[in-house]
Structure formats: structure tokens, C-alpha cells
Amino acid sequence: MVSGKVPVSDVGASMNRLLEVMRKLRLPSGCSWDRAQALESLRPFLLEEAYEVLDAMTAAATYDSWSPLQDELGDLLFQIVFQAQIAAERGRFTFQEVVDGSVDKVLRRHPHIFDESGETPRASWAEVKAAERRLLQGGKSSALDGGSRHAPALLHGQRLGEKAASVGFDWPNSDGARAKIHEELAELDLAVASGDLRAIEDELGDLFFSLTNYARHLGVSAEVAARAANRKFERRFRSVERSLSELGESPASVGLDTLNFHWNKAKAGERAKNPKVSADP
């Protein structure tokens, strides 16, 4: 049984070991591939590892399978150490400064927890972050500041809605967000009828953004929901392929009616195994 509490000294030794491995990989006598990397070339690897962590989190939460999460967190940590090593080589900052900065930020944003005097008033995380941004920007800031435009579109859209809502720009309940979906869908229909691809793209984007706001009001992550839908489609389509293969057929060799039959069979099979699965399309 793994204990939930690990001695700090052990963590420090493990972390120093990882840092030393990374340092040696970047030496002239180290790995040619690792030495050739720069921040620009590491971008896709960081994204890939982050998404693999998301998949592992789903496996842990859904199937109580934790080993993949441990493995993928290690891969993500290695990417962080890699970037910190490049920064250290250029004299910008060290991994220790990254860690210290993270700890300082958490302490700063939870003054009511870590101020032992008990005199610090409670402030929300968002309020402290907003105050920090104003200080960094000379007193000028937007409610939409923070977050990354490189984040997946649904995630970014939902975060923008949250930030706007924090200053009162929002519907009072989910009914308004739902009505907006119908409004945007009607505008998309008009754009489709016009045949104007730019207008179609614009209205489709508005519809996606409206869906993120509705998800926010429902307390659901639009990004997680979309990823789950992708996984569900992949799982069921592969089931269709397997069923057809057993009959000596393939999706390309049969008609749509047959494909739909096997699709519905795959759905029914999933619901039989898990009655909580909704009767989705």
C-alpha cells in the first residue's frame, strides 16, 4: 500500500535525480536528440503529454485505473524539467525558481489559509488573481486577462464565459444560455442557406461558443464532454467494424442501413453493460 504522505527528503532526492538526468542529457556528451531541442520544438510534445494525462485522468476516475496516470504525470513532469533546463542554460531561471514561484503564488492566493495570525480577510482566488494582474499591468487590466489562447477552443471559450460572468456579464440562469443556442442555430441555418462559407464559419463558431456557455451554466466542462463524445464515437465505430469483420464484411462494403443496425447494436451492448449510459444518439 502506498502511503499518501511521502517524506520531503525522499521527494527532494528523487527530484534531484531527475534534474541530474536532464542535465546530463543536455551535455555535449549527452543525447543528440535532447541537445537539439529548443522551446519551439518541444511545443507539440508538451501538448501531447498534457492530453495523455487527461486520458489517464479519465481512466483513473472511470475505471479506478491509476497506473497510467502515474506514468503520464511523470512524462509531463519531464517536459517541465526539460524547459526549465533550457532556461537555466540561457541564464533565465532555474527549476528551483519555478517551484519557489509556484509555492509563493499559492501562498499569496490563499492568505486566509496560510496567515497564522488569522487577521487576513478571506478573498476569492479570482479576486487575488485580478489584483495581481492589475499590479503587473500598472493598474490596467481586463476581466478576460489570464488563460491561454493556445488552449483547446472549447476550454478557452468556457473560461472566457466564466471571466465575463465574474463581473456580471451573464444570463441569470441556464434558460438564457439555452435560448442563445437556438438563436445561433437559426443564424447558422441562414448562413448555410446563403452558401457563404465565411458566414457559415462565423455562425458555427458562435454556436460553439454558446454551447460552452450552456455547459458552464450546467456545471459541465464543454471540453471534457466533447472529448468523451469523441471517445464514445471511436469505441462504437470500432465495435461496428469488429461486428462486420466477423461477417466477412467492412463498413465500405455495406449500406447505411446495415451500418446503423450494427451501430445501434453497439449502443445497446454498452447500455446493457452499464445501465447508467444515457440513450444518446
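Trainee: At 29% relative accessibility, what does Asp170 count as?

Mentor: Asp170 counts as partly exposed. Buried means under 20% relative accessible area and exposed over 50%, with partly exposed in between (1.4 Å probe, protein chains only). This is a predicted model, where local features need pLDDT of at least 70, side-chain atom pairs count only at pLDDT 80 or more, and totals for chains, interfaces and linings use all residues. Residues are numbered from 1 along each chain as its sequence is written, and side-chain values use heavy atoms, leaving out hydrogens and water.

Trainee: Which residue forms a salt bridge with Asp170?

Mentor: Arg216, with the closest N and O atoms 2.9 Å apart. Arg216 is in helix α10 and Asp170 in the loop between α8 (153-165) and α9 (174-194), so the pair ties together parts 46 residues apart in sequence. Arg216 is buried, at 16% relative accessible area. A salt bridge here is a side-chain nitrogen of Lys or Arg within 4 Å of a carboxyl oxygen of Asp or Glu. Helices are DSSP runs (H or I, at least four residues), numbered from the N terminus.

Trainee: How many salt bridges in the whole structure?

Mentor: The search finds 10. One of them joins Lys180 and Glu184, at 3.4 Å between the closest N and O atoms. Both lie in α9, 4 residues apart, about one turn of the helix. Glu184 is buried at 5%, whereas Lys180 is partly exposed at 25%. Lys180, Glu183 and Glu184 are linked in a network of salt bridges.

Trainee: And Ser210, what does that touch?

Mentor: Lys180, Ile181 and Glu184, not counting residues up to four places away in sequence. Contact means heavy atoms within 4.5 Å. Ser210 lies in α10 (residues 197-218) and counts as buried, at 4% relative accessibility.

Trainee: Switching to α12. Which of its residues are buried?

Mentor: Leu259, His262, Trp263, Ala266, Lys267 and Glu270. They cover an arc of only 145 degrees around the axis, which puts them on the same side of α12. The arc is that of the directions from the helix axis to the C-beta atoms. Asp257, Phe261 and Ala272 are exposed, on the face turned away from the buried side.

Trainee: What covers the buried side?

Mentor: The cover includes α11 (222-246). There is also a salt bridge between the side chains of Arg235 and Glu270, at 2.6 Å from N to O. That pair links distant parts of the chain, with Arg235 in α11 and Glu270 in α12, 35 residues apart. Arg235 is partly exposed at 41%, while Glu270 is buried at 16%.

Technical notes:
Helices (H or I, at least four residues) and strands (E, at least two) are DSSP runs, numbered from the N terminus.
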